[in-house]
Amino acid sequence: MPTAWLREIPDSYVSAIISDHGRVPDVDKARAQHDRYQVLLGAAGYDLVVLPADEAHPDCVFIEDTAVLLGPVAVTTRPGAESRRGEIAPVAEALAERFEIVPITEPGTLDGGDVMVLGGKVYVGRSSRTDEEGISQLAAVAEGQGLTVVPVPVRGVLHLKSAVLPVGEETVVVTRDTVDEDLLADLRIVHEARRERHSFSALPLATGDVLVTMSAPETARKLVDLGFGVIPIDVSEIQATDGGLTCISILGD
Ligand code: CIR
């Protein structure tokens, strides 16, 4: 049975890191949206492991940033934002029941939101949060499993998966002018609709359907036209603090 690891939203979520594009979130509404997300994952057949919130870590709901699953290994990260480094331990403890834990160590930094595993390749965003050393530590694990690592410099967005969203085995939705698309040459690229810039996020499910943000209907329509089954969900209060649909879970087989 596929498993989804999630983390509850603390009251301190109002103090999450917010970029210039963001705003202070409504915590009650964020929790209702997070509940709905859990219902949809459950309906798609995922076994849910929901870790408690940590008031000392306002961004802890963004569990994706804390670990990357690569086969039998969970690479636990060293987040680029210092205020987030204390999020790792409880996630590592939960994942240790199923995976060998390999940590990213100082001085490297890596956020899980910068890592996209697709088609036998591991694309890693070089961003304000993930540095060269973090990428090379991740690459050592990935290459040991026969996976090719493709570093992808990202600009104007927080993470690689803020702008390059996998929606299927070989298809990604890309926000224009954020990455060199030649680096994604093996993949089919669908562009985010121009008037929905930075509104689209997605999460492909084990069922083959794709969760998509309700704030990007034109982009969702492009996917429907390509034959994808899309399930819209409102995560406005997650997007308010620069999150998306991938970042609030870690999905495993
Ligand atoms: C942060 O700035 O770290 C959080 N407010 C948002 C993290 C989003 N994570 C993700 O997309 N993987």
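**Reading pockets, ligand contacts and strands**

Me: How many residues line the largest pocket, and which lie nearest its centre?

Reply: The largest pocket has a lining of 36 residues. Nearest its centre lie Val 117, Pro 204, Leu 251, Gly 252 and Asp 253. Keep in mind that this is a predicted model.

Me: What is the volume of the largest pocket, and what is its lining by class?

Reply: Its volume is about 1,100 Å³. The lining of the largest pocket has 20 nonpolar residues, 10 polar and six charged.

Me: Which residues lie nearest the centre of the second largest pocket, and which elements give two or more residues to its lining?

Reply: Leu 158, Ser 162, Gln 239, Asp 242 and Gly 243 lie nearest the centre, from a lining of 32 residues. The elements here are helices: H4 (160-163) and H6 (236-239).

Me: Now the ligand. Which residues come nearest?

Reply: A residue counts as near if one of its heavy atoms lies within 4 Å. There are 14 residues around the ligand, and Asp 59, Glu 64, Asp 65, Arg 129 and Thr 241 come nearest.

Me: Which side chain has an N or O atom 2.8 Å from a nitrogen atom of the ligand?

Reply: Apply the cut-off: a polar contact is a pair of N or O atoms within 3.5 Å. The side chain of Asp 59 has such an atom, 2.8 Å from a ligand nitrogen. A polar side-chain atom of Asp 65 also sits 2.8 Å from a nitrogen atom of the ligand. For a ligand oxygen atom, turn to Arg 84: an N or O atom of its side chain is 2.9 Å away.

Me: On to strands. Do E6 and E7 pair in the parallel or the antiparallel sense, and over how many bridges?

Reply: Check the direction, then find a partner pair. E6 and E7 (residues 121-126) are antiparallel, with four bridges. Met 116 has Tyr 123 of E7 as its bridge partner. The two strands form a hairpin with two residues between them. In that turn, Gly 119 has a positive phi of about 60°.

Me: In which sense do E7 and E8 pair?

Reply: Parallel, over six bridges, with E8 spanning residues 148-153. Thr 148 in E8 stands opposite Lys 121. From E7 the chain passes through helix H3 (residues 132-144) to reach E8, in a right-handed β-α-β crossover.

Me: How many bridges join E4 to E5?

Reply: Four, between E4 (residues 73-76) and E5 (residues 100-103), which run parallel. Ala 74 has Ile 101 of E5 as its bridge partner. The path from E4 to E5 goes through helix H2 (residues 88-95), and this β-α-β crossover is right-handed.

Me: Last, the backbone. Is the peptide bond from Glu 106 to Pro 107 cis or trans?

Reply: Read omega. The bond is cis, with omega near 10°. Pro 107 belongs to the loop between E5 and E6.

Me: What is the phi of His 198?

Reply: Near 65°, a positive value in a residue other than glycine. His 198 is in the loop between strand E11 (188-191) and E12.

Technical notes: Residues are numbered from 1 along each chain as its sequence is written. This is a predicted model: local features need pLDDT of at least 70, side-chain atom pairs count only at pLDDT 80 or more; totals for chains, interfaces and linings use all residues. Side-chain values use heavy atoms; hydrogens and water are left out. Two strands pair if DSSP finds at least two bridges between them. A crossover is right-handed if, with the strands pointing away from the viewer, the path from the first strand over the helix to the second runs clockwise. On a 1 Å grid over the protein atoms alone, a cavity is a set of points where a 1.4 Å probe fits but cannot get out, and a pocket is an open set with protein on both sides within 12 Å along at least five of seven lines; lining residues have an atom within 4 Å of a point. Grid points are joined across faces, edges and corners, and a volume is the space filled by probe spheres set on the points. Ala, Val, Leu, Ile, Met, Phe, Trp, Tyr, Cys and Pro count as nonpolar, Asp, Glu, Lys and Arg as charged, and the others, Gly among them, as polar. A polar contact is a pair of N or O atoms within 3.5 Å; within protein, one must be able to donate a hydrogen and the other to accept it, and residues adjacent in sequence count only if both atoms are side-chain atoms.
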